[in-house]
Amino acid sequence: MKNKGTLINLIVVGMTLGTTWAIRGQFGHEQGAAWAGGVGAVCILLIANRQDWYSKLFKSTLAAAIGWGLGGIMSYGIVVGYGRGSNFVNVYYGLLMLFVIGGLYGFLGGGLFGLSLTDSKKNKVKWYQLLIGMTVGGIITYFFMIMQWSWLMTPPRSEVWAVCLGMAFFLTWFVVHNKYYSALRVAVFAGLGGGFGFAFGNFLQVMGNTTEIHFNFWNVMEYSLGFFGGLGMAYGTFTSKWEESESAQSKSSNFVPMLLVVLLIPFVVWHQSFETERLQGTLSRLTSGDVDVIVCFVQILAISLILLQTVFVVWKYSASREHQLQYSQKDVKTFFMSHFALYMVFSTLITGAFLSFYRVEQYLYFANYIIILMVLPKLTPTFQSNEINTNKWLKNFLLVILFIGILALIAINSHEVLKGAHERFEF
């Protein structure tokens, strides 16, 4: 790291993805991860202050959203439970598998985001080839690893992590074959950050639970994954060499990505999360008022906010502009603020935090948001051009694996078997 400015840039991106990933805990699955990953990508674009990247605002946001969202198909509840035991082998195994899962989140998210920055008229990314190859790679890897060889990570839960692994295999081949080395660096560092963040976050969760302090330490784990994943994705971006691309994009090429980002993803979050039964169960514990009325209000408010943001974004970023789209830093910041804020509001509504202070972490999201907005105007984009150093990457990887082993040793000596613990191996 050459200067303090670069470090602060990385921390701000880490705080952004950390906060949105913690928010994702209320919604889960692919759609929640996609929203979080998209906001993290916008933060990087905003800090980078490159006109050619600003014009890719919605394409790059969608690419990151898809990449991070793909990891949402993976199941990790039991894997987290491995880390709550008192046996070193099981705990170390659990933390290592969280490193794998978090690494796949980051690798896919960072890789697709990096490819979107690479994509230009002169250096066109063959997206159709990539998507077909990732799909086939995922199916083949799952077939052999799970169905044929029974290499199970988290029985009896879903083993679709192998699908994501197969996607990552093909993505690696694709970027190396086409010499998209900058995109590879973003994928690797986002993967390293996400993997470390998930393992370290589970360690923090376990240690937090031993204190018996009443706090959502599961959310601390989620924040850790997002923070380090975002930090890694930003580091890979700001330390890679990028060619200049078009400073303007056509309306037609941006319209579909725009709608997918601001309408489809939020709508799926709303449809899958703001269910009447779920809201009744949550809100009935927080108020003595007419729960049915409040539930209806929350549902209508949430969908109305989606529609309002969609109308605003389509008008401001497409309908009111000429055929060639160019966005300013102010435009990107406005979208960043609104898309980030809407996710926080959704979290406040779904948890009932607007009725009670029982979920302290909900207000910490707003504190993070305010700090980020206060720091953003003071940031200066700093780019370095580092080459790929596989020997250094291998050494760093081994150091992380060793450090995770140390965390496992500390964890098993700090507590007895905790509630929710699982064992992968019996001795």
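Colleague: Which residues line the largest cavity?

Modeller: In this model, which is a predicted one, the largest cavity is lined by Trp21, Arg24, Tyr76, Phe198, Met221, Glu222 and Leu225. The elements that give two or more residues to that lining are α1 (4-24) and α10 (217-238), and the largest share, 3 residues, comes from α10.

Colleague: What makes this space a cavity, and what is its volume?

Modeller: A space is called a cavity because a 1.4 Å probe fits there but cannot get out, whereas a pocket is open. The volume of the largest cavity is about 30 Å³, and the structure holds 1 cavity of 30 Å³ or more.

Colleague: How do you know how many residues of that lining are nonpolar and how many are charged?

Modeller: Arg and Glu count as charged, while Trp, Tyr, Phe, Met and Leu count as nonpolar; the lining of the largest cavity therefore divides into 5 nonpolar and 2 charged residues, with no polar ones.

Colleague: Why is α1 called roughly parallel to α14?

Modeller: Helix α14 covers residues 329-351, and α1 packs with it at an angle of about 30°, the two axes lying 9 Å apart. Angles under 35 degrees count as roughly parallel, so α1 is roughly parallel to α14. The crossing in which α1 passes α14 is left-handed.

Colleague: What makes the meeting of α1 and α14 a contact, and which residues take part?

Modeller: Contact means heavy atoms within 4.5 Å. On the α1 side there are Thr16, Thr19, Thr20, Ile23 and Arg24, which meet Phe336, Phe340, Tyr343, Met344 and Ser347 in α14. By class, this contact has 5 nonpolar, 4 polar and 1 charged residues.

Colleague: Which element gives the largest share of the lining of the largest pocket?

Modeller: That share, 9 residues, comes from α9. The largest pocket has a volume of about 1100 Å³ and is lined by 33 residues, among them Val188, Phe189, Gly191, Leu192 and Phe397, which lie nearest its centre. Its lining has 22 nonpolar, 8 polar and 3 charged residues.

Colleague: What is the volume of the second largest pocket, and which element gives the most to its lining?

Modeller: The second largest pocket holds about 510 Å³ of space, and α4 gives the most to its lining, with 5 residues. Of the 21 residues that line this pocket, Lys59, Asp119, Trp127, Ser253 and Pro257 lie nearest its centre.

How values were computed: Residues numbered from 1 in each chain as written. Predicted model: local features only at pLDDT ≥ 70, side-chain atom pairs only at ≥ 80, totals over all residues. Heavy atoms only, no water. 1 Å grid on protein atoms, 1.4 Å probe; cavity = no way out; pocket = protein on both sides within 12 Å on 5 of 7 lines; lining within 4 Å. Points joined across faces, edges and corners; volume = space filled by probe spheres on them. Helix = DSSP H or I, 4+ residues; strand = E, 2+ residues; numbered from the N terminus. Axes fitted to C-alpha atoms, helices over the stretch in contact; angles between N-to-C directions. Parallel < 35°, antiparallel > 145°, perpendicular 65-115°, else oblique. Left-handed = near helix turned anticlockwise from the far one by under 90°.
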